[in-house]
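Here is a short briefing on one protein chain. Look at the structure first, then work through the points by topic.

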Amino acid sequence: MYFEINFFPRPDSPNQCPEWAIVDLQGSLETRQPVPLGGKFVGDLHFTKQNVPILIIGHHILYGKIVDMEKPFAVIVKDESSETATDRDTDKNTSVNYVVKALIKKKLLFKQRPKPIIANIPKKL
């Protein structure tokens, strides 16, 4: 399962595309009710001081690593303003522009089994 997150924002260079990362879970993410997960809160993503990604989903914690992708992805969006209304209605070949929104060069790989988060509550004797 893949989730896109804005991992490396670059506010200092406005002309450069932002760099995103993909969260790669080795397994399936199941919910109690069969509902689509699009646009839903899944969990918290944190990083340690050593830059190790930690994903907390419910009462489970996953430890991952940052991996460079062999072939980077480009997130492109069709530019609707480049097409005129008359071009859409005709059968002519028209030019369509695409805008690169982001580059994906890294992925956060979570391939180990999740560990349960257990609260340590001391018993009174």
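**Surface patch and salt bridges**

Ile76, Tyr98 and Val100 make a nonpolar surface patch of about 300 Å². The model is predicted, and two salt bridges turn up in a search of the whole structure.

**The patch**
- Val100 sits in strand E7, which covers residues 97-110.
- Val100 has 38% relative accessibility, so it counts as partly exposed.

**Salt bridge Lys107–Asp24**
- Lys107 and Asp24 form a salt bridge, with their closest N and O atoms 3.5 Å apart.
- This pair links distant parts of the chain: Lys107 is in strand E7 and Asp24 in strand E2, 83 residues apart.
- Lys107 is partly exposed, at 22% relative accessibility.
- Asp24 is buried because its relative accessible area is 4%, and buried means under 20%.
- Strand E2 spans residues 19-25.
- The Asp24 side chain also makes a polar contact with the side chain of Gln26, at 3.3 Å.

**Salt bridge Asp68–Lys106**
- The side chains of Asp68 and Lys106 meet in a salt bridge, at 2.6 Å from N to O.
- Asp68 lies in strand E6 (residues 65-79) and Lys106 in strand E7, so the pair ties together parts that are 38 residues apart in sequence.
- Asp68 is exposed, with a relative accessible area of 54%.
- Lys106 is partly exposed, with a value of 21%.

**Confidence**
- The chain averages a pLDDT of 79, and 77% of the residues score at least 70.
- Over residues 1-10 the pLDDT is below 50.
- Where pLDDT is low, the predicted coordinates should not be read in detail.

Conventions: Residues numbered from 1 in each chain as written. Predicted model: local features only at pLDDT ≥ 70, side-chain atom pairs only at ≥ 80, totals over all residues. Heavy atoms only, no water. pLDDT = per-residue confidence, 0-100. Contact = heavy atoms within 4.5 Å. Helix = DSSP H or I, 4+ residues; strand = E, 2+ residues; numbered from the N terminus. Buried < 20%, exposed > 50% of the residue type's maximum accessible area, 1.4 Å probe, protein only. Polar contact = N/O pair within 3.5 Å; in protein donor to acceptor, adjacent residues only side chain to side chain. Patch = residues over 30% accessible without salt bridge, like charges linked within 9 Å, V, L, I, M, F, W, Y side chains within 5 Å. Areas by Shrake-Rupley, 256 points an atom, 1.4 Å probe, with all protein chains shown as cover. Salt bridge = Lys/Arg side-chain N within 4 Å of Asp/Glu carboxyl O.
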